[in-house]
2 protein chains.
Amino acid sequence: MKRSDRLVALTNFFIENPREHVSLPRFSEIYNAAKSSISEDLDIIDRVFADEGIGRLRTVAGAAGGVKYIPEFSVNNGKKFIDVLCQTLEDPERLLPGGYLYMSDLLGDPAVVKQIGRIFASQFTDSNIEAVVTVATKGIPLAYAVASFLNVPVVIVRRDPMVTEGSSVSINYVSGSSRKIQTMVLPKRSLKEGSNVCIIDDFMKAGGTINGMVSLLSEFNANVKGIGVLVEADDEEDDERVVENYLSLIKITHVDLKQKQINISPGNFHTK
Amino acid sequence: MKRSDRLVALTNFFIENPREHVSLPRFSEIYNAAKSSISEDLDIIDRVFADEGIGRLRTVAGAAGGVKYIPEFSVNNGKKFIDVLCQTLEDPERLLPGGYLYMSDLLGDPAVVKQIGRIFASQFTDSNIEAVVTVATKGIPLAYAVASFLNVPVVIVRRDPMVTEGSSVSINYVSGSSRKIQTMVLPKRSLKEGSNVCIIDDFMKAGGTINGMVSLLSEFNANVKGIGVLVEADDEEDDERVVENYLSLIKITHVDLKQKQINISPGNFHTK
């Protein structure tokens with residue numbers, strides 16, 4: 001295979017298989033090229049990936065050596081993307097009865113979801129995450145986007161056990177904003193004991209749900225290495241946030257139903 | 001930018017932005033290269049993509065001309081992937097009380113989900129799909145995988161309206177297997193009138209849920225151009241399947257709880 005062809009094939013391989021470790025001899029074999037040629041290909045790809053701000057190739061030396069693609073997203077690119085999202089969300093047409101904000105169009109757009117996944121994955125890239133945990137249902141696409149960049153499985157916490165998931169561990173927790181007692185469950189088979197995990201969700205108010213997930217995960221002796229929420233609601237009257245050390249991309253600072261006004265600002269990602 | 005660098009950058013662009021139409025002058029500008037050079041790059045990429053069996057670049061001639069990447073997955077590659085899935089699912093350890101099959105590990109693996117998405121997207125590639133519709137919750141990751149290859153939004157049907165989604169259209173339908181009357185809802189804002197859609201779900205028995213979705217979608221005058229299910233259960237005693245013209249990748253033909261035996265065969269994708 002010629003260099004030009006190999007560059008296309010290798011680039012496709014890396015983008016489609018983030019964090020997949022492949023040895024140089026294996027690439028030599030697949031593309032029928034000398035190891036030195038493959039090495040030069042990898043240098044070119046690494047440099048272009050760095051210039052494009054999409055990540056790096058990480059090489060591992062030695063007998064078990066090889067290379068893997070670590071996706072990254074520069075903080076600057078992340079901020080630009082979030083600024084555009086914030087503007088989109090300030091549209092008064094998005095206001096729903098009760099002061100809720102319509103966001104399903106954004107969460108339904110695979111390209112938007114993918115970028116959000118890229119931002120969180122970049123932040124948790126060095127935490128040896130082994131699974132991404134979310135709660136059904138709105139966080140699910142975000143969790144898959146993060147997981148695909150980290151090359152780890154998604155584990156879904158539910159409100160009720162499902163017959164198709166076998167025996168489950170359940171806990172009761174107090175919802176932060178409504179102070180109601182609620183239940184959440186996680187199938188026993190879905191998470192290995194002692195895993196490193198990150199939690200991803202679409203929305204956080206007081207943080208009761210995420211706090212519940214942390215409790216449930218402690219039943220599996222999981223290590224929560226990071227918490228990422230797309231939107232946090234900054235409720236001025238109620239400063240009893242029960243979760244600390246989370247990463248938020250967007251903050252709803254004020255909703256005025258009468259004036260039809262929404263104030264949105266970037267979340268703590270901008271200042272971290 | 002040198003050809004080698006452009007090939008890496010362009011390949012990344014196409015893989016990350018399927019079905020995104022870009023004009024040649026635009027690429028010329030981004031990569032600071034003559035249109036004739038870009039044309040040659042595109043020929044190389046198109047040829048390698050075809051050899052790798054991952055899709056083609058489709059060029060549009062004329063003033064509004066340009067190029068887009070149409071992801072494809074050869075039927076043969078699809079069949080190989082499905083055969084491996086079938087073997088994985090026949091493991092008796094997957095049997096759950098009630099004769100259900102544990103599949104959450106596979107549905108939780110972003111790489112598996114992506115391949116499934118690629119297979120369905122390839123089948124529906126010429127149907128001008130404008131949205132992928134699924135029902136919460138297990139079909140959601142599959143729907144996003146299909147939608148990302150088709151570059152269209154995901155629309156999620158739910159059992160109950162959510163306060164964060166505004167006013168909804170709801171219908172009642174009869175569940176195929178349990179004959180119970182159930183409800184499903186779709187937010188009014190989530191789907192444009194008269195859209196071309198495909199329906200994606202993880203599991204189908206008699207097909208009542210999918211039939212319900214078809215009814216609900218008719219309230220939006222949507223055209224259901226395709227129906228894809230990952231697994232269908234072939235219940236010999238009950239031949240009242242209410243859905244026709246669906247595509248299934250995997251078929252559960254027999255489950256024997258006492259003997260701890262599961263028989264799995266490829267779905268109708270293999271014979272279509």
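**Salt bridges and the interface**

Guide: Over all chains, the structure holds 24 salt bridges, a salt bridge being a side-chain nitrogen of Lys or Arg within 4 Å of a carboxyl oxygen of Asp or Glu. The model is predicted: local features need pLDDT of at least 70, side-chain atom pairs count only at pLDDT 80 or more, and totals for chains, interfaces and linings use all residues. Residues are numbered from 1 along each chain as its sequence is written, chains are lettered from A and ligands numbered from 1 in the order in which they are written, and side-chain values use heavy atoms, with hydrogens and water left out.

Visitor: With which residue does E16(A) form a salt bridge?

Guide: Side chains of opposite charge can pair when their charged atoms come close. Here the partner of E16(A) is K114(B), and the closest N and O atoms are 2.6 Å apart. The pair joins two chains, because E16(A) lies in helix 1 (residues 3–16) of chain A and K114(B) in helix 6 of chain B. Helices (H or I, at least four residues) and strands (E, at least two) are DSSP runs, numbered from the N terminus.

Visitor: Is E16(A) buried or exposed?

Guide: Buried means under 20% relative accessible area, exposed over 50%, and partly exposed in between (1.4 Å probe, protein chains only). E16(A) has a relative accessible area of 15% and is therefore buried, whereas K114(B), at 28%, counts as partly exposed.

Visitor: Which side chain meets that of D5(B) in a salt bridge?

Guide: The side chain of R47(A) does, at 2.6 Å from N to O. D5(B) belongs to helix 1 of chain B and R47(A) to helix 3 (residues 35–52) of chain A, so this pair also joins two chains. D5(B) is buried at 8%, and R47(A) is partly exposed at 36%.

Visitor: Where do D105(A) and R94(A) lie?

Guide: D105(A) is in helix 5 (residues 104–107) of chain A, and R94(A) is in the loop between helix 4 (75–89) and strand 3 (95–96) of that chain, so the pair ties together parts that are 11 residues apart in sequence. Their side chains meet in a salt bridge of 2.8 Å, N to O. R94(A) is buried at 7%, while D105(A) is partly exposed at 35%. Elsewhere, R3(A), R6(A), E40(A) and D41(A) are joined into one network by salt bridges that share partners.

Visitor: What is the area buried between chain B and chain A?

Guide: The size of an interface is often given as the accessible area lost when the parts come together. Between chain B and chain A the buried area (the accessible area, 1.4 Å probe, that two parts lose on being put together, summed over both) is about 4300 Å², and carbon and sulfur atoms give 60% of it. In contact (heavy atoms within 4.5 Å) are 52 residues of chain B with 52 residues of chain A. Eight salt bridges are counted between chain B and chain A.
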